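Me: I'd like to go through this structure with you. Can we take it piece by piece?

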Amino acid sequence: MGPAHERIERWFAARNWQIFDFQREAWAAYGAGESGLIHAPTGTGKTLAAWFAALGDWLARTDDPDATPGLTLLWITPLRALAADTTAHLAASAAELGLNWTVEQRTGDTKSHIKARQRKKLPSALVTTPESLALLLSYADHETLFGQLQGVVVDEWHELLSTKRGVQLELALARLRTLRPALRTW
């Protein structure tokens, strides 16, 4: 682990949590620009592997760790019910790391005034559904909205396999890869 991951190491140590090899491997692979699949038992830290991969990569690339980046990571969830918990968890850990990342959700339940604000400026990390992502990609300025995007995490991918929503997400990911050829997908 390089200096960019020192904050993450301290975060785990403060909780007396072990960093698993698969988490370190995900962080290194993400930092090398790779996409991947994290397969581990429930409760072992898959979310932290993916989330801290993006945060660690950003820390390694930024000149100003106190800055608030534009949209850097999309977190796709198949269930709106998971969006609120995921958003809160990601936002709390970023704040505990001392990062000024904004983390918000955008689903069919998101209030219209929040969606209007997000149309002008998306957060650093956006937790959303396949349907809401498709709508964002339909806007004329979608290239600007996604201009800084570095990675996409598809949570609970198995829930989307072989469904119309999964096909919709694959099309959205293909569009994002056209806009951002180096986009990492996890």
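**Helices, rings and a pocket**

Me: Where is S162?
Reply: S162 sits in the loop between β4 and α8. Helices here are DSSP runs of H or I with at least four residues, strands are runs of E with at least two, and both are numbered from the N terminus.

Me: What kind of model is this, and how are residues numbered?
Reply: It is a predicted model: local features need pLDDT of at least 70, side-chain atom pairs count only at pLDDT 80 or more, and totals for chains, interfaces and linings use all residues. Residues are numbered from 1 along each chain as its sequence is written, and side-chain values use heavy atoms, with hydrogens and water left out.

Me: Back to S162. Is it buried or exposed?
Reply: S162 counts as exposed, at 85% relative accessibility. Buried means under 20% relative accessible area, exposed over 50%, and partly exposed in between, with a 1.4 Å probe and protein chains only. The phi of S162 is positive, near 60 degrees, and S162 is not a glycine.

Me: Which loop holds N16?
Reply: The loop between α1 and α2. N16 follows α1, and its phi is positive, near 55 degrees. N16 is exposed too, because its relative accessibility is 71%.

Me: Now α1. Which residues are buried there?
Reply: I8, W11 and F12. They are on the same side of α1, because they cover an arc of only 95 degrees around the axis. The arc is that of the directions from the helix axis to the C-beta atoms.

Me: And what is exposed on the other side of α1?
Reply: R10, A13 and A14.

Me: What do the buried residues of α1 pack against?
Reply: They pack against α2, α3 and α4. Contact means heavy atoms within 4.5 Å.

Me: Next, α2. Which of its residues are buried?
Reply: Helix α2 covers residues 21-31, and its buried residues are Q23, A26, W27, A29 and Y30. Those residues fall within an arc of 170 degrees seen down the axis of α2, so they line one face of the helix.

Me: What does that set pack against?
Reply: The buried residues of α2 pack against α1 (6-14), α3 (46-61), β1 (73-76), β4 (151-154) and β5 (184-185).

Me: Which residues are exposed on the other side of α2?
Reply: D21 and E25. E25 has a relative accessible area of 55%. From E25 to I38 is 13 residues in sequence and 9.7 Å in space, C-alpha to C-alpha.

Me: What comes after α2?
Reply: G33 follows α2, with a positive phi near 85 degrees.

Me: How buried is W27?
Reply: W27 has a relative accessible area of 2%.

Me: Which aromatic cluster is W27 in?
Reply: W27 forms one aromatic cluster with W11, F12, W17 and F52. Rings of Phe, Tyr and Trp (its six-membered ring) pair if their centres lie within 6.5 Å; planes under 30 degrees apart count as stacked, over 60 as edge-to-face and the rest as tilted.

Me: How many aromatic pairs does that rule give?
Reply: Ten aromatic pairs.

Me: Which charges sit over rings?
Reply: The charged end of R119 sits over the ring of Y139, 3.7 Å from its centre. R184 lies over the face of Y30, at 4.1 Å from the ring centre. The rule takes NZ of Lys or CZ of Arg within 6 Å of the ring centre and within 35 degrees of the ring normal.

Me: Over to α3. Is W51 buried or exposed?
Reply: W51, found in helix α3, is buried, with a relative accessible area of 0%.

Me: What is W51 in contact with?
Reply: Leaving aside neighbours within four places in sequence, W51 is in contact with L73, W75, L90, S93, A94, W101, V103 and A125.

Me: Last topic. How many residues line the largest pocket?
Reply: The lining has 29 residues, and K46, V154, D155, E156 and W157 lie nearest the centre. The largest share, four residues, comes from α4.

Conventions. On a 1 Å grid over the protein atoms alone, a cavity is a set of points where a 1.4 Å probe fits but cannot get out, and a pocket is an open set with protein on both sides within 12 Å along at least five of seven lines; lining residues have an atom within 4 Å of a point.
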